[in-house]
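These are my notebook entries on one structure, written down in the order in which I looked things up.

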Amino acid sequence: MTHSVWRLALRRLCPSCGQGKLFAGFLTVRARCPVCDLDLSAQDSGDGGPTFGVFILCFLIPPLALWFEFHFDPPWWAHVLIWPPMSMLLLWWLLPVIKSWLIAEQYRRTVWQAGGKNDYR
Ligand SMILES: [Zn+2]
């Protein structure tokens, strides 16, 4: 079965079978996959999720805020009402996706380096 790493990340699925849910909570990785019983306890994305998340936000939010400022000339409090909540919501959505993506990439490379069949795109 061929798995797209991005499909796994967006759906937050097990990197091996592509069916079991990866997280037990918001960002807590399950100890084992409920479908294929893959040991997920060794999968660790470290600080990669927050780092990439903040990196993406820093490239996205300031240009949008500048465009909003120069295009609509809003009062200062409009920026306060829009950008912090938007940043938090985007980061809330991005964190599990990025963490899932890092785990899928880590698993893919571990399997590949071990000489296993690599059926990822
Ligand atoms: Zn699985």
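**Entry 1: overall shape**

I began with the radius of gyration, which is 18 Å for the protein chain, whereas a compact globule of 121 residues would have one near 14 Å. This radius is taken over C-alpha atoms, and the globule rule is 2.2 Å times the number of residues to the power 0.38. I then looked up the box that the C-alpha atoms fill, and along the principal axes it is roughly 55 × 25 × 20 Å.

Before going further I noted that this is a predicted model, in which local features need pLDDT of at least 70 and side-chain atom pairs count only at pLDDT 80 or more, while totals for chains, interfaces and linings use all residues. I also noted that residues are numbered from 1 along each chain as its sequence is written.

**Entry 2: helices**

How many helices and strands are there in the protein chain? I found three helices and zero strands, and read along the sequence the pattern is α-α-α. Both kinds of element are DSSP runs numbered from the N terminus, a helix being H or I with at least four residues and a strand being E with at least two.

I looked at α2 in particular, which has 25 residues and reaches 36 Å from its first C-alpha to its last, close to the 36 Å expected at 1.5 Å a residue. The expected span is 1.5 Å times one less than the number of residues in the helix.

Next I checked burial, and 20% of the 121 residues of the protein chain count as buried. A residue is buried if 20 or more other C-beta atoms lie within 10 Å of its own, exposed if 12 or fewer, and partly exposed in between, with C-beta atoms placed from the backbone.

**Entry 3: contacts**

Contact here means that the C-beta atoms of two residues, placed from the backbone, lie within 7 Å. For the protein chain, among contacts between residues at least 6 apart in sequence, 53% join residues at least 24 apart.

G48 is in helix α2 and counts as partly exposed because 16 other C-beta atoms lie within 10 Å. Not counting residues up to four places away in sequence, G48 touches I98 and L102. The C-alpha atoms of G48 and L95 are separated by 9.3 Å, although these residues are 47 apart along the chain.

**Entry 4: exposed places**

From C-alpha to C-alpha, L81 and A24 are 32 Å apart in space and 57 residues apart in sequence.

F26, in the loop between α1 and α2, is exposed, with 9 other C-beta atoms within 10 Å. F26 and L64 are 38 residues apart in sequence, and their C-alpha atoms are 28 Å apart.

**Entry 5: positive phi**

D37, in the loop between α1 (5-11) and α2 (48-72), has a positive phi of about 65° although it is not a glycine. D37 is exposed, with 12 other C-beta atoms within 10 Å.

Just after α2, D73 takes a positive phi of about 50°, and D73 is in the loop between α2 and α3 (76-113). D73 is exposed because 8 other C-beta atoms lie within 10 Å.
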